[in-house]
Amino acid sequence: MSIRKSIVKLPNQSIRFSGDRDLKGIANLDRQSVNNERLSNIDSSRRRSDGYETFGASLFDYEFTEEQPIYSEILKSDNFNTKYGVLNEKYVLGKEYRGKRIVPDNKQKKIDTLRRSSAVGGVMKITLEELVESISSTSFLVPDDIPPLSLAKSNAPEKDLRVPKYIKVHLKETPELTFFEQPSKTVPKESDDARAVENDNKIYDDLTVGRGKHRRKAEAETQTVDILMKSRDINTISIRKANAGAYVSNFDMFDTYKNLEQTTSEIDISAEQTVSMTTYKVGGVDQFTKIGSSKEFLQAAMITQRCLAGNIFINKQRRFRNMYMPDPLDIDIQYTYDLEVLWTFKFHTLDGRAVDRRAVASISWCPLDGDIIAVCYGIYIYMTNSYSKNGCVCIWNIKNPVNPEKVYSYPVPVTCVEFSPFAPQLLAIGLFDGTVEVRDISEGVKEHPVAISDRQDARGCDAVNQIKWIDVKTVGGENEEVQDIEPLLAITQSGIIIKYKIVKSPYLVAFRQMTLDNVVGIPEGIRIKKQKEVVKANRNPQGLALRIHPEKPDVYYALTDEGSLHKCSINYPRQHMDIFQAHDGSVFCMEYSPWSPKLFLTCGTDWCIRIWLEGITTPLITLSNGIGSVNCAYWNPTNSTIIVGITKSMVEVWDIRKSTLKPVSQHELREGASHTVMKFANCGRSLVVGDERGYVYLCALENMPFPPHFQYDALERSILRAIAANPKLVEEVKSMGCFAYPNYAKKTQ
């Protein structure tokens, strides 16, 4: 027996039949009950979208939708017998019965089965005969425009009535709704608030049930006044106002200005322009000078200059603050290793005759505030009659690239500056005459320094080339007796290393830590050609720079003009621990990698940059390009394989992951510039370069490769690839094991 499927669509109802002869049915009628009289008058003129009539579509007089299909299985061979004819399998009458009403014989019979199912809302079993009898008890109206059976069969579309095997259910998390919240009125016994709560409870018990219950009381009426409270953050000092009047005649003003002493002075705006200004003295004091030296005026002028400079340098300042980051999803990005000059710091009040000779000797970034930079102007190359007779230290801020916010002037050239990493407001300054002083930049310019070295204790008059602060708490452990301000080391031109300590005194306490000696014999490191044995007038080499070990703060390296590194310790004064030959000539700089406490680089006058690994006396990589000494070189703080070095005329960018034979890019910041020093900014995406004319160039690194996720792994692979042609050196490097920081962390300088 063949079975076909037909569809009856009812809202808020579901009827399902299955089986052969005995069918199970479920009927849920929500709001209306089926009435026989109403069913007999149902208008069956509703049509399907395709123009054909289905009698099941007007059975219960509901709005039928596609959302709730009802599947039924009816025997194909069983037809519905009526008084006028038989309904075929498509439920469409023939042509001769159009426009007539079909009334079944058992018209009065009600569909009690469906009504009982609607009332009870349960499940029942009915037979096929009962189902057909219930359906046929309803009258149907056949419209006149029903097409013949043959046309209905040919034009009626076939529908896919298969029951889906599964139903997809999407579960979505709803937002959290807080209906009720009751804060806790208890605190843990071990917390900081427990003691205060216990004290409040004792006071409450004393006032209610204790001895305080019998205190003297008096009944009085009172009224609570609503007082608007403000936090201390928005409170301001009250402004006092007063009305005052005065009368001045023209004769009084004429006599007053006639008695004043008039002076005219010229102010240098730049090296080529000057402005004349007329001022008056009252009681022998120049009013213009008096106003210009007040703290309030200087503070207001500094803020005003910052606002005006922001109108011009706003986009470049945002770039320095890393507000414009490269897009990692850019498909057209190219790694060109560009260097863009954002602006140039230039001190306009320098003497025009000596500005060409007042070189930038040292640069130091503030470790706490990356916007502040200290630049000292003095001597970099020692030649007769080629340097100025005075110097200064300027405190620049990126908020005001035009004028320095503070200027400390000295009668001698300044050779080095260094911010304290432990007290960032302290700045150590080294002078050409061997004097070392410490200043607090948070105070006024005319304030006395925190401490200054005493010439009788220092016992040296040579230039101080570099200063380094020592972390005594790390060296000696946690000790309550340790001073809050750490001491500092200074190396002089004569090869003397002096340790200074700040005490409650206007002078620094000096202690001679080490005196460097000339190298005798053949030290470890590179092999250099020795000169003939001659008697040297000076038995001490020149001290050029200092470098403190990143993991051992008591160990430091002294760099000399012989190209050697003297390894020393503050715990063993007056003797060195080791000597290492790094260059054939003066060595200017030594810098550890931020990702390894054993990997470092050096640069010097032999035109090259060398990369070393502690424990191996052979340089791993030698970077050289052209003829010219490398004055300074540093690792990039954001990319472990990039090194930036400066020569006299070029800024060279090296990427050892790409090539060790030539730099990936070279940049000339200004035509004819002679570069002296360089320093990366704290963020690592910008750097500053100074030259011999007193210009400081703030540059941004653009179109750089994105940093690798595992910085140390990329660095190690690049080194092993570069030394792959030397199997013995590769074996030595691998025997050292992992030379990274613990947990592959990055060490910030």
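Is Ile609 buried or exposed? Ile609 is buried, because its relative accessible area is 2%, and buried means under 20%. The model is predicted.

- The volume of the second largest pocket is about 1,700 Å³.
- The lining of this pocket is made of 36 residues, and those closest to the centre are Gly292, Leu298, Gln305, Pro404 and Glu405.
- By residue type, the lining of the second largest pocket splits into 16 nonpolar, twelve polar and eight charged residues.
- At least two lining residues come from each of these elements: strand 9 (261-268), helix 7 (287-292), helix 8 (295-320), strand 15 (391-397) and strand 16 (406-410).
- Helix 8 contributes the most to the lining of the second largest pocket, with eight residues.

**Ala309 in helix 8**

- Helix 8 also holds Ala309.
- Ala309 has a relative accessible area of 4% and is therefore buried.
- Along the sequence, Ala309 and Asn400 are 91 residues apart, but their C-alpha atoms are 5.6 Å apart in space.

**Salt bridges**

- The model has nine salt bridges, and three of them are described here.
- Glu198 pairs with Lys189 in a salt bridge, with 2.4 Å between the closest N and O atoms.
- Glu437 and Arg439 join their side chains in a salt bridge, at 2.9 Å from N to O.
- Glu437 and Arg439 are both buried.
- Asp606 and Arg610 form another salt bridge, in which the closest N and O atoms are 2.7 Å apart.
- Both partners, Asp606 and Arg610, are buried.

**Around strand 32**

- Ile609, the residue of the opening question, is part of strand 32.
- The C-alpha atoms of Ile609 and Ser629 are 9.6 Å apart, and the two residues are separated by 20 residues along the chain.
- Trp607 is in the loop that runs between strand 31 (599-604) and strand 32 (608-613).
- Trp607 is partly exposed, because its relative accessibility is 40%.

**Positive phi angles**

- Most residues other than glycine have a negative phi.
- Asn703 is not a glycine either, and its phi is positive at about 55 degrees.
- The loop between strand 40 (696-702) and helix 11 (711-722) contains Asn703.
- With a relative accessible area of 36%, Asn703 is partly exposed, since this value falls between the cut-offs of 20% and 50%.

**A nonpolar patch on the surface**

- Three residues, Ile167, Val169 and Leu171, make up a nonpolar patch on the surface.
- Together these three residues have about 410 Å² of accessible area.
- Val169 sits in the loop between helix 4 (149-155) and helix 5 (193-208).
- Val169 counts as exposed because its relative accessibility is 63%.

**Arg539 in a loop**

- Arg539 is located in the loop between strand 25 (524-525) and strand 26 (543-548).
- Arg539 is exposed, with a relative accessibility of 68%.
- The C-alpha atoms of Arg539 and Leu516 are 8.8 Å apart in space, while the residues are 23 apart in sequence.

Key:
Residues are numbered from 1 along each chain as its sequence is written. This is a predicted model: local features need pLDDT of at least 70, side-chain atom pairs count only at pLDDT 80 or more; totals for chains, interfaces and linings use all residues. Side-chain values use heavy atoms; hydrogens and water are left out. Helices (H or I, at least four residues) and strands (E, at least two) are DSSP runs, numbered from the N terminus. Buried means under 20% relative accessible area, exposed over 50%, partly exposed in between (1.4 Å probe, protein chains only). On a 1 Å grid over the protein atoms alone, a cavity is a set of points where a 1.4 Å probe fits but cannot get out, and a pocket is an open set with protein on both sides within 12 Å along at least five of seven lines; lining residues have an atom within 4 Å of a point. Grid points are joined across faces, edges and corners, and a volume is the space filled by probe spheres set on the points. Ala, Val, Leu, Ile, Met, Phe, Trp, Tyr, Cys and Pro count as nonpolar, Asp, Glu, Lys and Arg as charged, and the others, Gly among them, as polar. Patches are made of residues with over 30% relative accessible area and no salt bridge: like charges are joined within 9 Å, nonpolar side chains (Val, Leu, Ile, Met, Phe, Trp, Tyr) within 5 Å. Accessible areas come from the Shrake-Rupley method with a 1.4 Å probe; for residues, only the protein chains shown count as cover. A salt bridge is a side-chain nitrogen of Lys or Arg within 4 Å of a carboxyl oxygen of Asp or Glu.
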